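Open the model in your viewer and keep the selection panel at hand. We will go stop by stop.

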Amino acid sequence: MRVPQLRRAAVWPAVLVSAVVVVVSGGAVAAIETDTVESFWRGLWWSISLVTTVGFLGSPPRTGAGAALSVVLMVVGFVLLAMVSAALASLFVRQDEQPRQAAEREVDRAVLEALASVEARLSVIEARLDDAGGLDGENLEARSGTLDARLEAGAGADGAADEVGAGPD
C-alpha cells in the first residue's frame, strides 16, 4: 500500500502558516496586553512559548482578546507538533515497510509467473483435446471404457491395482 504524499507535503505549509501566526500574534499581544507584554520582541517570545507548548512566560493575559489569542496559539502549537511528529514517524514507518513491500512484490511476480505457466500448460492440453476430437459423448464413453479395461487388467489378486499407473499401456 502506498503512503499518500499529500499529508506529508502539508507539513511545510503548516510550519510557514504557524510562523506567520506567531509573528502576527507577537505584535497583537504586544498591542493588546500592554501590562503583560512590554514590546514586540517580548510578544514574539511569548507567542513562541505558547506555540511550543511551554506555556506563559510571565503572567497570563488579562484581557479577553489576549486570552483568545493565547488559545489560538496553543491550538496552532498542538496541531503543528502533531503534524511534525506524524511526518517524522511516517519516515521511519516507510523505511521499515520498504523491505516487506519488496518481498511482497517478489512473491506477486512468482505467483504471476506460475499462473502463466499453468495457463500455457492448459492451452497445450486443450489443443491436444481438440486434436483428439474433444470429449463429446461418444468419445467420452470410448475413453471411459478404455480406462475401465486398464483398471481391470491392472488389478491384483485382491482386486486392487498393484501400483499407481499399473496396467498395459
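**Stop 1: the core**

Select Ala14, Val22, Val29, Ala30, Val37, Leu44, Trp46, Leu50, Val51, Leu69, Leu73 and Leu80: these twelve residues form the largest nonpolar core. A nonpolar core is a set of buried Ala, Val, Leu, Ile, Met, Phe, Trp, Tyr and Cys residues joined through side-chain atoms within 4.5 Å. Buried means under 20% relative accessible area, exposed over 50%, and partly exposed in between (1.4 Å probe, protein chains only). Now colour helix H2 (11-32), helix H3 (40-51) and helix H4 (64-131); each supplies at least two residues of this core. In soluble globular proteins, nonpolar side chains tend to be buried together.

A word on the source: this is a predicted model, where local features need pLDDT of at least 70 and side-chain atom pairs count only at pLDDT 80 or more, while totals for chains, interfaces and linings use all residues. Residues are numbered from 1 along each chain as its sequence is written, and side-chain values use heavy atoms, with hydrogens and water left out.

**Stop 2: the whole chain**

Zoom out. The protein chain has five helices and zero strands. Helices (H or I, at least four residues) and strands (E, at least two) are DSSP runs, numbered from the N terminus. Of the chain's 169 residues, 19% count as buried.

**Stop 3: Leu80 and Ser18**

Select Leu80. Which residues does Leu80 touch, not counting residues up to four places away in sequence? They are Ala14, Val15, Ser18 and Val51. Touching here is contact, meaning heavy atoms within 4.5 Å.

Move to Ser18, in helix H2. Is Ser18 buried or exposed? Ser18 counts as buried because its relative accessibility is 7%. With residues up to four places away in sequence not counted, Ser18 touches Val76 and Leu80.

**Stop 4: along H3**

Select H3. Its buried residues are Gly43, Leu44, Trp46, Ser47, Ser49, Leu50 and Val51. Next, check the length of H3. At 1.5 Å a residue, its twelve residues should span 16 Å, and the end C-alpha atoms are 16 Å apart, which agrees. The expected span is 1.5 Å times one less than the number of residues. Step on to Thr53, which follows H3 and has a positive phi, near 60°.

**Stop 5: Gly27**

Finish at Gly27, in helix H2. Gly27 counts as partly exposed because its relative accessibility is 26%.
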